[in-house]
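Subject: Handing over the structure

Hello,

Here is the structure that I promised to pass on, and below it you will find my notes on what turned up. Please keep the structure open while you read, so that you can follow each residue as it is named.

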Amino acid sequence: MPHPRAFAMADLGLTDRMRALQAQGVHSVLAQFCDIHGVAKGKLVPLDHLQEWVEKGAGFAGPSIWGTGLPRHGTTSEYYGRVQPESLRPLPFLPGVAHAVCDGFAGGQPLATCSRQVLKSAVDALALRGWTMWVGIEPEFFLLGQDSAGHWTLADVHDTLDKPSYDLKAIHRNYAFLDDMRVALGALGFRLQQMDHEDACGQYEINYAHDHALAAADRYMLFKLTAHAIAQRHGQVFSCMPKPLANAPGSGLHFHISITDAQGRAVFADAAGDLGLSALGHQFAAGLLHHADALSALCAPTVNSYKRLASSPSASGTTWSPVWKAYGDNNRTCLLRTVAGRMEWRLPDPSCNIYAALAAVLHAGLQGIDSALPAPTPCNEDLYIRQISGQPMPPRLPKNLEEAIDALQADSVLRNAVGGDFCDQWIALKRAEWDSYAQHVSSWEMQRYADAF
């Protein structure tokens, strides 16, 4: 259950909220937003001026933030992060500081390149239908360290099993980190469900209860902020890199998606329907699969993401990589898994901008409904076994970031729905990222080619 203070704070006006925080020893607010890459940014501001931070916002130099598209002069050169007062809560790992989520504004208007504003617009459009989107997020991550030469390593050098899923010895060795996470997340109002060792060495997953889309995105950003701080306290690095180990599974950030109508009824669910889905559910699924290539650019947004999205073998003997554009009942080898009248979208990884990824997924699914797109035949087999047997396969996702960027550029329907200004900034930055990678000479190339010819 959420922490009792979370309930108490939610019911307070601004002055009473400030006094309640002061009574808890809070003197400063960490006004936090995220840049276009989904990285948390912000500053510390005095709690005493809370009304200013809510009404006007904490000011930042706009061009200093990735992806704002703001100029270096004029009234719109300043980025203002307006504190959302309902998000205020004391941070257990920063005594005297309360965390606050901010919306981006410039020139007194909502900033079109602010990813939280992008998701808010998508959620508002959904509300006009009388619908609410619910999202459960599954954070997977690695605990890394660095040796004396600066080389990245696993933080737990004893985590070496060939098949490490659910390894209790690793849980024991890293219990101090996990228990500090339990305490901190509990104090922040998270309803924890489980913690486990995942399918790669050094990889963990912490699950907590679902929420409506915007709150779920805010909560994931707070989860990452907490995990970075707690890991650092233990001399470790909380890593959202999708695939740090070449021969092991990578980290996903699966979205469990459902929508309810104004009466609270599940829009996707139909016990008598194929896969337990309603006609609207199948159309939503069809929209996701139809726009999957473009969605890859937002859900799997790094060069490294496509090392995860590959059908290569895994050292553990298992891979859950969602390579093929298919859907099936409880089928983890498909891009879209259906479970009990809801959907698990398996494309995202933890390097994504959670606000942008959720907004794009929502728009893609709704486009499937509005266009009454027919869904493909559900898949009821293991696609990895099917691949080995040489049978025809469903179409696959882009093989690299450049292909995904090209797909987003070509998908005018999705780009316009998400927001042209935001997508223009995104595409420009991601093309620069790809070009930088393409020009880099790796150690693999040196070892293979330096004396080969």
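Before the strands are described, one term is needed: two strands are said to pair if DSSP finds at least two bridges between them. Please also keep in mind throughout that this is a predicted model.

Let me begin with strand β1, which covers residues 28–34 and pairs with strand β6 (residues 97–106) in the parallel sense, over 5 bridges. Within that pairing, A31 has A100 of β6 as its bridge partner. Strand β2 (residues 40–46) is joined to β1 as well, by 7 bridges, but these two strands run antiparallel, and here C34 stands opposite A40. β1 and β2 make a hairpin with 5 residues between the strands, in which G38 takes a positive phi near 85°.

How many of the residues of β1 are buried? The count is 7 of the 7, so the strand is largely enclosed by the rest of the structure. In a regular strand the side chains alternate between the two faces of the sheet. In β1, S28, L30, Q32 and C34 point one way while V29, A31 and F33 point the other way, and all of them are buried.

Some of these residues come up again if you look at M221, which sits in helix α7 (residues 213–233). M221 counts as buried because its relative accessible area is 2%, and the cut-off for buried is under 20%. Leaving aside neighbours within four places in sequence, M221 is in contact with Q32, C34, G38, V39, A40, I354 and Y355.

The hairpin formed by β10 and β11 has 5 residues between the strands, and G202 in its turn has a positive phi of about 80°.

Turning to the helices, which residues of α13 (residues 401–410) are buried? They are L401, A404, I405, A407 and L408. Seen down the axis of α13, these buried residues fall within an arc of 160°, so they line one face of the helix. An α-helix has 3.6 residues a turn, so residues three or four places apart point the same way. The cover over the buried residues of α13 includes α9 (292–299), α10 (305–308), α14 (412–418) and α15 (420–439). At the start of α13, a side-chain oxygen of N400 reaches to within 3.1 Å of the backbone nitrogen of E402.

Helix α9 is itself mostly covered, as 7 of its 8 residues are buried. The axes of α9 and α13 come within 7 Å and cross at roughly 115°, and the crossing is left-handed. The contact is made by D293, A294, S296, A297 and L298 on the α9 side and by A404, I405, A407 and L408 on the α13 side.

Y166, which lies in the loop between β9 (152–154) and α5 (168–173), has a phi near 65°, a positive value in a residue other than glycine. L275, in the loop between β14 (253–260) and α8 (279–290), likewise has a positive phi of about 65° although it is not a glycine. Are these two residues buried or exposed? Y166 counts as exposed because its relative accessibility is 61%, whereas L275 counts as buried because its relative accessibility is 16%.

With best wishes

Key
Residues numbered from 1 in each chain as written. Predicted model: local features only at pLDDT ≥ 70, side-chain atom pairs only at ≥ 80, totals over all residues. Heavy atoms only, no water. Helix = DSSP H or I, 4+ residues; strand = E, 2+ residues; numbered from the N terminus. Buried < 20%, exposed > 50% of the residue type's maximum accessible area, 1.4 Å probe, protein only. Arc of directions from axis to C-beta. Contact = heavy atoms within 4.5 Å. Polar contact = N/O pair within 3.5 Å; in protein donor to acceptor, adjacent residues only side chain to side chain. Axes fitted to C-alpha atoms, helices over the stretch in contact; angles between N-to-C directions. Left-handed = near helix turned anticlockwise from the far one by under 90°.
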